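I set out to record what can be looked up in this model about its sheet, its nonpolar cores and its aromatic rings. The sequence and structure come before my entries.

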Amino acid sequence: ASGDRTDEKTDIYSVGVMFYEMLTAKRVLINGGGITGLEIAWELKKAQKEGLVISESSDFLPFWDLLNNVLVSNHGVAPVHTSSELNALKSRFPQNIRLFVVKNNNNQMVAGSLVFDMGKTVHTQYMASSEEGKRKGALDFLIHHLVTSVFADREYFDFGISTENGGRYLNEGLIFQKEGFGGRAVCYDCYSVDLLGCGFKIQKT
């Protein structure tokens, strides 16, 4: 039990969940963001119905343009890396830096994610979706594909931090999005050593 309030609709929902699990032999999981397996299935079905196609790409510029527009419009910041820097990193680490994109019926990019493949852990460095992509569930479609297919054999799928100001502020909108993908928040300690003063401190982020 999650400790949420219940009402007369709760029993109806529970019966629906029971029948769904009996018919599909799949569990309906509710994550921290309140997104259920049924809702995820609906988003995936919507994306497939819209004819969205996922592919791996080496063309960073269109994705960077989409990412830059999203970050500037929504947060007033630019990506940490330029498109040329991403191309340079890709040339040096071709097996570790991978770009996956989602395109519509007109072959236009509507979402994408740049991931760092580090073996047992896969890290999403950047994720972005256009307004069309949001309407069609493109990013949900892509992340589900990466987690359940491309990187299904990995131990960890890391969505990165959800904090600002050196870990002092939790961005609730950001963590809600990641929990919607099935992620969980983990608080971890960062350790630093002052070599000159021989000091040692723990900084929690």
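My entries follow, arranged by topic.

**Basis.** I worked from a predicted model, in which local features need pLDDT of at least 70 and side-chain atom pairs count only at pLDDT 80 or more, while totals for chains, interfaces and linings use all residues. Residues are numbered from 1 along each chain as its sequence is written, and side-chain values use heavy atoms, with hydrogens and water left out.

**Sheet.** I took helices (H or I, at least four residues) and strands (E, at least two) as DSSP runs, numbered from the N terminus. I found five strands in an open sheet of mixed pairing, in the order E1-E2-E3-E4-E5; strands pair if DSSP finds at least two bridges between them. Strand E1 (53–57) and strand E5 (156–158) each have a single partner strand and stand at the edges, so one side of each is left without a neighbour in the sheet. I then looked up E3 (residues 109–117) and E4 (residues 121–129), which run antiparallel and are joined by seven bridges. Gly112 stands opposite Ala128 in E4.

**Cores.** I defined a nonpolar core as a set of buried Ala, Val, Leu, Ile, Met, Phe, Trp, Tyr and Cys residues joined through side-chain atoms within 4.5 Å. Buried means under 20% relative accessible area (1.4 Å probe, protein chains only). The largest core has 20 residues, and Leu52, Val102, Phe141, Leu142 and Leu146 have the most contacts inside it. Helix H2 (37–49), strand E2 (97–103), E3, E4 and helix H6 (138–150) each give two or more residues to this core. H6 supplies the largest share, six residues. Apart from this core lies another, of 16 residues, including Trp64 and Met109.

**Leu142.** Which residues does Leu142 touch, not counting residues up to four places away in sequence? I noted Ile54, Phe100, Val102, Gly112 and Ser113, with contact meaning heavy atoms within 4.5 Å.

**Aromatic rings.** I recorded three aromatic pairs. Rings of Phe, Tyr and Trp (its six-membered ring) pair if their centres lie within 6.5 Å; planes under 30 degrees apart count as stacked, over 60 as edge-to-face and the rest as tilted. The Phe157 and Phe159 rings have centres 5.2 Å apart and planes at 65 degrees, so this pair is edge-to-face. Phe100, Phe151, Phe157 and Phe159 form one aromatic cluster. Within it, Phe151 is buried at 3% relative accessible area, and Phe159 counts as buried at 10%.

Methods:
Buried means under 20% relative accessible area, exposed over 50%, partly exposed in between (1.4 Å probe, protein chains only).
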